[in-house]
Amino acid sequence: MRAEPRLPYRQQGLAAVELALLLPALLLIFFGIAGLSRLYFVQLALANAARAGMQYAVAGNSRDVARIATAAQLDARADLPGMALPAVSIVQRCADGSAYGGGLCAGAASAPWTYVEVRASYQLGAGFVPMLPVFSGPLRLQQSAVARLQ
């Protein structure tokens, strides 16, 4: 029976040294991709929440700001279980693009405001993306959806 050829003495620990050198870089890449994927998912959930609030306003032709915000937050709760609800703000605009200041818009006898913009925002705490020093501080994500009411 023939004996297996042995590696020279200097090459026996080479694989362990290579692993020790490359493993931190590979882990940094892995956790960076995982953290950025979470950011992307939260951004999509905010876009869906803003869209849900806007669709509620359009479908029911609702001008009730509290119900529009609640519809957006309920959609966010379904997409982001276990996380705090996002902040939702409603911006009301007249047909000419000016901000709605109460009462009726100029030139619109029956509509107090014509456009609705639903903004959903979420502030991520420090360290949300581990091992990426670029995102070490708090990060604010925001999405908005705009629609014209009939």
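Which residue in E2 is the bridge partner of Ile90? In this predicted model, that position is taken by Val118. The pair belongs to the contact between strand E1, spanning residues 87-93, and E2, where the two strands run in the antiparallel sense over seven bridges.

On E2, pairing also extends to strand E3 (residues 139-148), again in the antiparallel sense, here over 10 bridges. Within this pairing, Tyr115 is set opposite Arg148 of E3. Strand E2 itself, which comprises residues 115-124, is mostly covered, with seven of its 10 residues buried.

Side chains of opposite charge can pair when their charged atoms come close. Two salt bridges were counted in the model. One of them links Glu117 to Arg119, with the closest N and O atoms 3.2 Å apart.

Because its relative accessible area amounts to 34%, Asp64 is classed as partly exposed.

Terms used: Residues are numbered from 1 along each chain as its sequence is written. This is a predicted model: local features need pLDDT of at least 70, side-chain atom pairs count only at pLDDT 80 or more; totals for chains, interfaces and linings use all residues. Side-chain values use heavy atoms; hydrogens and water are left out. A salt bridge is a side-chain nitrogen of Lys or Arg within 4 Å of a carboxyl oxygen of Asp or Glu. Buried means under 20% relative accessible area, exposed over 50%, partly exposed in between (1.4 Å probe, protein chains only). Helices (H or I, at least four residues) and strands (E, at least two) are DSSP runs, numbered from the N terminus. Two strands pair if DSSP finds at least two bridges between them.
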